[in-house]
Amino acid sequence: MKFIQSRLITTVCLIFVSGVVLAHDPVFGLGPHTLFKDGIETHVGFDQSKAGDNKVMESSLEMAYGLTGNWTARVEIPYVDRDAGATGISDIRIATKYRFWRRDGLGLQESSTAFFKIKPDTASNDRGNSAADFILGVAYGYESRKWYRWASVRYRFNGEALGNVDRGDKYLIDLVSGIRFKPSAYNEPDWVWMLELNGEKTKESQLNATTLANSGGTEWFLSPGLMWTLRNFAIKTGVQFSVVSNLNGTQDESDYRAKLEFEWHL
Amino acid sequence: MKKILLLIIISLLWSTTLFAAGTQYDLRVDGLACPFCAYGIEKKLTKTEGVDSIAFDLEKGLVIVKVKEGMTLSEAQLKLLVEDSGFTMRSMTEKPII
């Protein structure tokens, strides 16, 4: 029972970590981009993850709005399809980003953003995680006509799940580099290739004040990715491969996580 | 002779203003690293009354805005528009379109 619970917790964590990306932000990590004032972003994303025999697919519809040139609000509606059989709309997520620092130069921009995301318990237990979670994060980005560099740190506060399971909180660290081999003009297709290093450290979960042996641990991923854009349309894709896995107990290691995102700015 | 030259110059300036087909604003904008990000400026300018065309030269950090005859844009207005798009306008030059 505890093993199943820990797997379920891991799966939900994987789903929740995904999402909240803006084009010309990393695919898996957090970037500093915000939308222009009164800008609307529509976003359709597809995620797939596999750990052992546990395979999860998720698609999501996201809408974002630029409150100012430095402040964006976002709503995300995920649709999950698990091997276990649960299919349907999962917990809705609400997020916001605020760019508190920006330095612009000719053909380059450096910026830092604060990030907050909340996932209330809106879905049924088999499609959500029966808990309210939230994430705080900070992202830094350096973007030039050729090179991209991003770094981010996030901390996820996990709420108590069904059955009094106190899910362990999680740290996420991302270091990303990107390159545009051929600088493109406006209205031309633009390609940026990326390589991400994503680290995740999860604290152990507890059940009735007893630590669950098969919970928590550390994983590092190497994630090649690509963003392709044309004017106000973007496609992003990437795959995460586990390079270091130090999970407690008998948890399944992540085999891969893949993402495909389509984004329109209106 | 000097008077004739002065007259010619004044006439040319007068005719340029009179027969101008509009105004071109060249905005020097910092922060333009990618085409996708620059779309915010296009979107905002498209919504601005009188704007006829918009072009970008990302390498030079230039946004070239052409407005219809009889319409003008102020520097403050353009600076705010660029700021709301998430960039910084460094300078602006204005010239009539002949």
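**Figure 1. The largest nonpolar core has 36 residues.** The model shown here and in the other views is predicted. Within this core, the residues with the most contacts are B:Leu27, B:Val29, B:Ala38 and B:Val82. Two or more residues each come from β8 (147-157) and β12 (190-202) of chain A, and also from β1, α2, β3 and α3 of chain B. The element that gives the most is α2(B), with 6 residues. In soluble globular proteins, nonpolar side chains tend to be buried together.

**Figure 2. The contacts of B:Val82.** Which residues does B:Val82 touch, leaving aside its neighbours within four places in sequence? They are B:Leu27, B:Val29, B:Ile41, B:Phe87, B:Thr88 and B:Met89. B:Leu27 and B:Val29 are, with B:Val82 and B:Ala38, the residues with the most contacts inside the core of Figure 1.

**Figure 3. An open sheet of 4 strands in chain B.** The strands follow the order β2-β3-β1-β4, and their pairing is antiparallel. The edges are taken by β2 (51-57) and β4 (88-97) of chain B; each has a single partner strand, so one side of each is left without a neighbour in the sheet. On average, neighbouring strands of the sheet are turned by 20 degrees against each other, direction ignored. Strands of a sheet pair through backbone hydrogen bonds, either parallel or antiparallel.

**Figure 4. Strands β1 and β3 of chain B, with the helices that lie on the sheet.** Strand β1 (residues 22-30) and strand β3 (residues 62-68) of chain B run antiparallel and are joined by 7 bridges. B:Thr23 has B:Val67 of β3(B) opposite. Helix α2 (residues 35-46) of chain B lies across β2 and β3 of chain B, at about 165 degrees to β2(B). Helix α3 (residues 75-84) of chain B also packs on the sheet, where it touches β1 and β4 of chain B. The direction of α3(B) makes about 135 degrees with that of β4(B).

**Figure 5. The side of chain A that touches chain B.** Here 28 residues of chain A are in contact with 23 residues of chain B. On the chain A side, β5 (93-105), β6 (108-119) and β7 (133-144) each supply at least two residues. What kinds of residue make up the side of chain A that touches chain B? They divide into 8 nonpolar, 13 polar and 7 charged.

Figure 6. Along the principal axes, the C-alpha atoms of chain A fill a box of roughly 55 × 35 × 30 Å. Of the 266 residues of chain A, 46% count as buried. Among contacts in chain A between residues at least 6 apart in sequence, 59% join residues at least 24 apart.

**Figure 7. Loop residues A:Asp38 and A:Ala209.** A:Asp38 is in the loop between α1 (2-17) and β1 (40-51) of chain A. Its phi is near 65 degrees, a positive value in a residue other than glycine. A:Asp38 has 15 other C-beta atoms within 10 Å and is partly exposed. A:Ala209 is in the loop between β13 (206-207) and β14 (210-211) of chain A. A:Ala209 is not a glycine, yet it has a positive phi of about 70 degrees. Is A:Ala209 buried or exposed? With 7 other C-beta atoms within 10 Å, A:Ala209 is exposed.

Terms used. Residues numbered from 1 in each chain as written. Chains lettered and ligands numbered in written order. Predicted model: local features only at pLDDT ≥ 70, side-chain atom pairs only at ≥ 80, totals over all residues. Buried ≥ 20, exposed ≤ 12 C-beta atoms within 10 Å, placed from the backbone. Contact = placed C-beta atoms within 7 Å. Pairing = 2+ DSSP bridges. Axes fitted to C-alpha atoms, helices over the stretch in contact; angles between N-to-C directions. Nonpolar A, V, L, I, M, F, W, Y, C, P; charged D, E, K, R; others polar. Core = buried A, V, L, I, M, F, W, Y, C linked by C-beta atoms within 7 Å.
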